[in-house]
Amino acid sequence: MFLALHELAAGGEVVVSRGELVEIGDGFRIPDIMAQSGASLCEVGATNRTTVDDYRAAITPRTRLLLRVHPSNFRMQGFTARPSLAELVALGRERRVPVYEDLGSGCLVPLREFDIQEPLVSDSLSAGADLVSFSGDKLMGGPQAGILAGRPEIVARLRRNPLYRALRLDKLVCLALSRSVRCLLLEQWDEIPALAMLRLTPEQIRRRAEALLAQAPHLRAEIVAGSSLAGGGATPEQPLPTWLIAIDCHAAAAEAALRASSPPVIARIENNKLILDLRTVFASEESELAAALQALPAAG
């Protein structure tokens, strides 16, 4: 975003809804990024409701961009409204102002059948956004990276900006990113760990949990319904149904023992029980997890 704003809007104004002036984590806020880039912020609408006419009324000869920010790490509910991307694109075409959408998490794979309701990058580009930015990690499942996609002439401008060289990725990140993109293009979803975890069904997880507990029969444990959270600044309030292994034991001591095992096992404690969610465990790691559970003492 810093690179995009510096190249496309330095010395001018960027129109953005007040409800989208988000903090993206670690104290970084959209208004601060805009100020450092040299662009001026033009807030429109109210915190909870903004219309396309609010954007239209704010456009002046100094306007360089219409900015739309996806709230990827929070949800606003109730009496809310904001224009669709298509409405903003139509306004941008009318007034000859580019439309830039920051999607945050960057979902490239349809995940709606797995209860992940996040906008697709392809949908934003199809709607006519001139520029879209998103993360290489999170829902894309690759290395941490910032990605800018859009109209070729705009992307070419960004590449020519002197800041691009300072902000460019190193070769190792590029290698990991290209590997991730290749898997996405070939629809090899399960080759990307994050996507493989998100796509696991509750039934698959339950079968694995039953097989794992059979290897530690001395534990007083049960399999209970629960939920997984994606986290990582994506999919807020969108838990995934799962089955959890709940172990009745001295939870604090057992949790510490698992952390101290080799390799360390990170569990959580709920209602004084030790909880494991196999959604976050690779099948290749199950033998090591079973060994760690076998080493736990039986509940007294």
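**Salt bridges, sheet and local details**

Modeller: R179 and E191 form a salt bridge, with their closest N and O atoms 3.6 Å apart. A salt bridge here is a side-chain nitrogen of Lys or Arg within 4 Å of a carboxyl oxygen of Asp or Glu. The pair links distant parts of the chain, twelve residues apart: R179 is in helix α8 (residues 171-185), and E191 is in the loop between α8 and α9 (193-199). Helices (H or I, at least four residues) and strands (E, at least two) are DSSP runs, numbered from the N terminus.

Biologist: Before we go on, what kind of model is this?

Modeller: This is a predicted model, in which local features need pLDDT of at least 70, side-chain atom pairs count only at pLDDT 80 or more, and totals for chains, interfaces and linings use all residues. Residues are numbered from 1 along each chain as its sequence is written, and side-chain values use heavy atoms, with hydrogens and water left out.

Biologist: Thank you. Is R179 buried, exposed or partly exposed?

Modeller: R179 is partly exposed, with a relative accessible area of 45%. E191 is also in the partly exposed class, at 48% relative accessibility. Buried means under 20% relative accessible area, exposed over 50%, and partly exposed in between (1.4 Å probe, protein chains only).

Biologist: How many salt bridges are there by this rule?

Modeller: The count comes to 19 salt bridges. One of them joins the side chains of R220 and D248, at 3.0 Å from N to O. R220 lies in the loop between α10 (202-213) and β9 (221-228) and D248 in the loop between β10 (240-247) and α11 (251-259), so this pair ties together parts that are 28 residues apart in sequence. R220 counts as partly exposed at 46% relative accessibility, and D248 as partly exposed at 29%.

Biologist: Which residues are linked in a network of salt bridges?

Modeller: The network links D53, R56, E94 and R95. Within it, the side chains of R95 and E94 meet at 3.5 Å, N to O. R95 has a relative accessibility of 33% and is partly exposed; E94 is partly exposed as well, at 48%.

Biologist: Let us turn to the strands. In what order do the six strands of the open sheet run?

Modeller: The order is β4-β1-β5-β6-β7-β8, and the pairing is mixed. Two strands pair if DSSP finds at least two bridges between them. At the edges are β4 (40-44) and β8 (146-150), each of which pairs on one side only. From one strand to the next the twist averages 25 degrees, where axes are lines fitted to C-alpha atoms, for helices over the stretch in contact, and angles run from 0 to 180 degrees between N-to-C directions.

Biologist: How many bridges join β1 to β4?

Modeller: Five bridges join strand β1 (residues 13-17) to β4, and the two run parallel. Within this pairing, E13 has S40 in β4 as its bridge partner.

Biologist: Now the cysteines. How many disulfides does the structure hold?

Modeller: The structure holds zero disulfides, a disulfide being a pair of cysteine sulfur atoms within 2.5 Å.

Biologist: Last topic: which peptide bond is cis?

Modeller: The bond from S262 to P263 is cis, with omega near 0 degrees. P263 lies in the loop between α11 and β11 (268-270).

Biologist: And what is phi of N271 and of N272?

Modeller: Phi of N271 is near 50 degrees, a positive value in a residue other than glycine. For N272, phi is near 65 degrees, again positive in a non-glycine residue. N271 lies in the loop between β11 and β12 (273-277) and is exposed at 73% relative accessibility. N272 is in the loop between β11 and β12 and is exposed at 64%.
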